[in-house]
Amino acid sequence: MNYHIATLGCQMNEYDSGLLARLLESSGCKAAASPESADLIIFNTCSIREKAEETAMARISQFKPLKHKNPNLKVIVVGCMAKNKGREIIKKLPFVDYVIGPDSYKEIPEIILKQKARERVFIDFDEDENYQGEFAKLQTPYSTSITIQRGCNKRCSYCIVPFVRGIEKCKDAIDILAEIQEAVDKGVSEVMLLGQTVNAYKKDGETFASLLEKVSTINGVKRIRFISPHPKHYNDELLDVLLSNSKICHHVHLPLQSGSDAMLKKMRRQYTADQFLSIVEALRSKDPFYAITTDIISGFVGETEEDFEKTLDLVRHTHFDNAFMYIYSARKGTESFKEIESLSEAEKLSRHQELVVIQNEITKQKNEAMYGRIEELLMERPSTKDPDEWVGKTGNFKKVVFKPNTIVRPGDYVTCKINDIRGWTLRGTVVGD
Ligand code: SAH
Ligand code: SF4
Ligand code: F3S
């Protein structure tokens, strides 16, 4: 059976698609060259905002003609929307064969290969399902992500994740280290540890800080990244490791959500703007080039003009290297869904746009500040514009384009001097041989 997996949503979904690929391949399936040549299409979905679900439904419906061409084709919807919408997906898109939630992926090979299932919807939570001992297919031959914590125990009032992913489940350190070791044996040198509140990781006496230290002792691991840490779970032990361990990259994605304490409280984020800023301070006082990116929601329920101004002030003050900026989307089932929205869609959009303009200017300035720096780049791929040029990434997560003077391959490390900045693009020249 030839499979094709399409993935929407966050890195956790990317990782899960890798898990599914490996589960299928160990049952004898092979990756299809294209969706058209697949006998099995798996669509991995996201529910974080209304728009994400609309996109998923539209994209899934594009597979319908393939089903007519190949009546043996099986289409399975998995991921967060599978859990959130369940049978409703089959009602709206009857050509979908199965809907399978994030805790039931191990059922898939049996369902499709043995065709045993009469049931078409498998979305129950399983508090013991951690995919312990299952390793995912690598995302690239040189860099890969590994989920160390599934689900989420927070209850941010706007967020659907705990409802679609269930409670927090941390994997055993021994298993995480084994998965990383296997990836390194295959050539990976950059690993990204994943969890919704990844720095709250705790398992059998292991903390996130101690896990990071252990990961760094694996020979062959050169760069360690993680996403998303929660501001509440920073402590001295963690800051010490982040700032002293040379393998941990100087980039953190630290979601802010809002710069107003009133909003943060209403969002149930469990930190204040000052507490957030003290983490930024601790990182940047040691390394002014420590890159900090963030997530910000504009137009949350009850957000006043003053609340929004506080977010803008914090953004201007912090100089984030980049930000994912979202318009608040009320999600059924969440705490804030029950409240009547105080802002119109147009007002939410206008705040969002104002924020984007300010942050884009800051992003540009942060890029310009990289001018003249000598950076080690991890090679990703040839440039799409000019195949003689390559794109690599700095430790602090900036893309740099340059022309190599020797043959390079993805996964190589090359040292460059950044000496040209064109718009958003940093350009460099090779230093040394
Ligand atoms: N666990 C991470 C966030 C994961 S979701 C954390 O706590 O930071 C990724 C981002 O989506 C969030 O940081 C938030 O900015 C955004 N988001 C989540 N729910 C949203 C909603 N209902 N409307 C708009 N943006 C939302
Ligand atoms: Fe959602 Fe909050 Fe959990 Fe992040 S920490 S996944 S925003 S509930
Ligand atoms: Fe989306 Fe699920 Fe991730 S809702 S953001 S794919 S955990």
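The shell around ligand 2 has, by class, six nonpolar, two polar and two charged residues, where Ala, Val, Leu, Ile, Met, Phe, Trp, Tyr, Cys and Pro count as nonpolar, Asp, Glu, Lys and Arg as charged, and the others, Gly among them, as polar. This is a predicted model, in which local features need pLDDT of at least 70 and side-chain atom pairs count only at pLDDT 80 or more, whereas totals for chains, interfaces and linings use all residues. Residues are numbered from 1 along each chain as its sequence is written, chains are lettered from A and ligands numbered from 1 in the order in which they are written, and side-chain values use heavy atoms, with hydrogens and water left out.

**Ligand 2**
- The residues surrounding ligand 2 include Cys152, Cys156, Cys159, Lys154 and Arg269, a residue being near a molecule if one of its heavy atoms lies within 4 Å of it.

**Strand β15**
- Eight of the eight residues of strand β15 (residues 291–298) are buried, so this strand is largely enclosed by the rest of the structure; buried means under 20% relative accessible area with a 1.4 Å probe, protein chains only, and strands are DSSP runs (E, at least two residues) numbered from the N terminus.
- Ala291, Thr293, Asp295 and Ile297 point one way from β15, while Ile292, Thr294, Ile296 and Ser298 point the other way.
- β15 pairs in the parallel sense with strand β14 (residues 251–253) over three bridges and with strand β16 (residues 322–327) over six bridges, pairing requiring that DSSP finds at least two bridges between two strands.

Key:
Buried means under 20% relative accessible area, exposed over 50%, partly exposed in between (1.4 Å probe, protein chains only). Helices (H or I, at least four residues) and strands (E, at least two) are DSSP runs, numbered from the N terminus.
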